[in-house]
Amino acid sequence: MSKKRDYYEVLGVSKGATSAEIKKAYRKLALKYHPDKNEGDTAAEEKFKEAAEAYEILSNSEKKARYDQYGHAGMGGAGGGFGGGMNMDDIFSQFGDIFGGGFSGGGSFGGSRGGGRSRVVRGTNLRVKMKLTLQEIAEGVNKKIKVNKLVNAEGVTFKECQTCDGTGRVTRVAQTFLGAMQTQSACETCHGAGKMIDKKPAGADANGLERKEEVIEIDIPAGVMDQMQLSVQGKGNAGPFNGVAGDLIVVIEEITDDKLRRDGDHLHYDAYVNFVDAVLGSSIEIPTVSGKAKIKVDAGTQSGKVLRLKGKGLPILQGYGNGDLFVHINVWTPKSVSKDEKEILEKLKQSENFIPSPDRTDKGFFQRMKDMFQ
C-alpha cells in the first residue's frame, strides 16, 4: 500500500497556516478536481477525496492537534483501518458550503447531476476506551471489541419527501422594502434528508434505525500513548435516513506495568544488587518489554549508576527505531545484621579502602540525569 501523503502537503499549506488559509487552499483544490469539471477522470476523483480528507482533519482543531503531535498514526494511519475511505456523499454533505455556486453541488464521477441535492445526514460518533498492556503497546495489537450502536433497520424503506420533492430544501419568498427576497433553508419535514420513512419494521425508531451489537476489529499501531485517540471512520452510529455513519473514537488507556516505568518512548527499571555484588561485580537478569535480558554489573559499581540499553524501549510512533531502557542500579543496604555479620563489617570499616573517596569520575545525581538524556 502506498504511503499516505502529509495533509499539509496535500493542501499545499504550511503547518502554521490559519483556518482561513486552510479553507482557501482546500476550496481551490476542490474546485479544480470537482466531478463536474473532471467527468470520468479517476485520478481527479482520488485527488478530490484526498483533499477532502486532509481538510476534514486540518479544519477540526482537535483532530489537527492530534495530527500535529502523532501524524497519521494518531488518526489511525494508513493500513490500520482508520481514516480515508471517504465517499462522495460524505464529502458533499460535510463540505457543501466550500464549493459555492457554479456547480451542481453533488453528482458523481461518470455523470454529474443538475439541480438540487438533498443533504446526507451524518450519524453521531461513538467513543470507547481500550486498555492496553505495555507489551501490547510495544508490539502493536489487533483487538476485537463489541460495540452497541445504531444501524439501519433491516427492511426499512424510504420515500421522497413530499414537502421538498426530495431536494431537502425549501425556498421561501418574502416581500421587503428592497423587493422580493428569496431564502432557502433545510426542509423541516425531513430535516434536509429529502427522504421520509415509507415502511418501518418493528423496533426501528423514527429515523429507521435500531440498536444492535457489532464486533469491530481494530489494528492498534505500536507506540501509542495513554489518552491518545484513534478514529475508526464509518464505525460509529449510522446516519438517519440511510445517511453516512459517524466514527468510532478509540481512547487508549495504558495499564501501568509492575516493573517498567514509561517515559515517552523510553523505559526505566530499578535494579537492586547486594553490597557484595556491587563490590565484586556480577551479572543480573532484568525484565524488558519483550522478555528478559542479562546485564553486567561491574566491580565497584556505585549506587545510583544508570546503565543504558539502546533500542530496548518502545517503538517511536512518528519515526524509526525504538527508545532506550535505562537501568537504575540501587545497592541494597540490609536493614538488620547478625552478630557475626556485624563483627565482619566492623573489621571492614577499619580498612582505608572502605572510606569514601569520590573522584571526578564518580558523578552526582544531577550529572547522571544530565548524561542519561544526552
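## Close-up views of helices, strands and one loop

View A. The expected span is 1.5 Å times one less than the number of residues. Helices here are DSSP runs of H or I with at least four residues, strands are E runs with at least two, and both are numbered from the N terminus. The model is predicted, so local features need pLDDT of at least 70 and side-chain atom pairs pLDDT 80 or more, while totals for chains, interfaces and linings use all residues. Residues are numbered from 1 along each chain as its sequence is written, and side-chain values use heavy atoms, without hydrogens and water. H3 is mostly covered, with 12 of its 17 residues buried, where buried means under 20% relative accessible area, exposed over 50% and partly exposed in between (1.4 Å probe, protein chains only). Among the buried residues of H3 are Ala44, Phe48, Lys49, Tyr55 and Leu58. At the start of H3, a side-chain oxygen of Asp41 comes to within 3.1 Å of the backbone nitrogen of Ala43.

**View B. Helices H3 and H4 cross at roughly 100°.** H3 covers residues 42-58 and H4 covers residues 61-70, and their axes come within 6 Å. Axes are lines fitted to C-alpha atoms, for helices over the stretch in contact, and angles run from 0 to 180 degrees between N-to-C directions. H3 and H4 are therefore roughly perpendicular to each other; angles of 65 to 115 degrees count as such, those under 35 as roughly parallel, those over 145 as roughly antiparallel and the rest as oblique. From H3, Glu56, Ile57 and Leu58 make the contact, and from H4, Lys63, Lys64 and Tyr67. Contact means heavy atoms within 4.5 Å.

**View C. Helix H2 runs from residue 19 to residue 32.** H2 has 14 residues and reaches 20 Å from its first C-alpha to its last, close to the 20 Å expected at 1.5 Å a residue. Its buried residues are Ile22, Ala25, Tyr26, Leu29, Ala30 and Leu31.

**View D. Strands S1, S9 and S8 form an open sheet of 3 strands.** The order is S1-S9-S8, and the pairing is mixed; two strands pair if DSSP finds at least two bridges between them. S1 (126-132) and S8 (229-232) are the edge strands, and each pairs on one side only. On average, neighbouring strands of this sheet are turned by 30° against each other, direction ignored. S1 runs parallel to S9 (residues 248-254), and 7 bridges join them. Leu126 stands opposite Leu248 in S9.

**View E. A second open sheet has 4 strands in the order S10-S11-S15-S14.** Its pairing is mixed. S10 and S14 stand at the edges with a single partner strand each, so one side of each has no neighbour in the sheet. Neighbouring strands of this sheet are turned by 30° against each other on average, direction ignored. S11 pairs with S15 (residues 325-332) in the parallel sense over 8 bridges. The bridge partner of Leu267 in S15 is Leu325.

**View F. Strands S10 and S11 meet in a hairpin.** S10 (residues 261-263) and S11 (residues 266-274) run antiparallel and are joined by 3 bridges. Arg262 has Leu267 as its bridge partner in S11, and Arg261 has His268. The hairpin has 2 residues between the strands, and Gly264 takes a positive phi near 70° there.

**View G. Strands S12 and S13 are joined by 7 bridges.** S12 holds residues 282-288 and S13 holds residues 291-297, and the two run antiparallel. A hairpin of 2 residues joins S12 to S13. Pro287 stands opposite Lys292 in S13.

**View H. Thr301 lies in the loop between S13 and S14.** S14 covers 306-309. Thr301 is buried, with a relative accessible area of 10%. The side chain of Thr301 reaches the backbone oxygen of Asp298 at 2.5 Å. Not counting residues up to four places away in sequence, Thr301 touches Ala278, Ile329 and Val331.

**View I. The whole protein has 9 helices and 15 strands.** Of its 374 residues, 39% are buried. Among contacts with a separation of 6 or more, 67% are between residues 24 or more positions apart.

Technical notes
A polar contact is a pair of N or O atoms within 3.5 Å; within protein, one must be able to donate a hydrogen and the other to accept it, and residues adjacent in sequence count only if both atoms are side-chain atoms.
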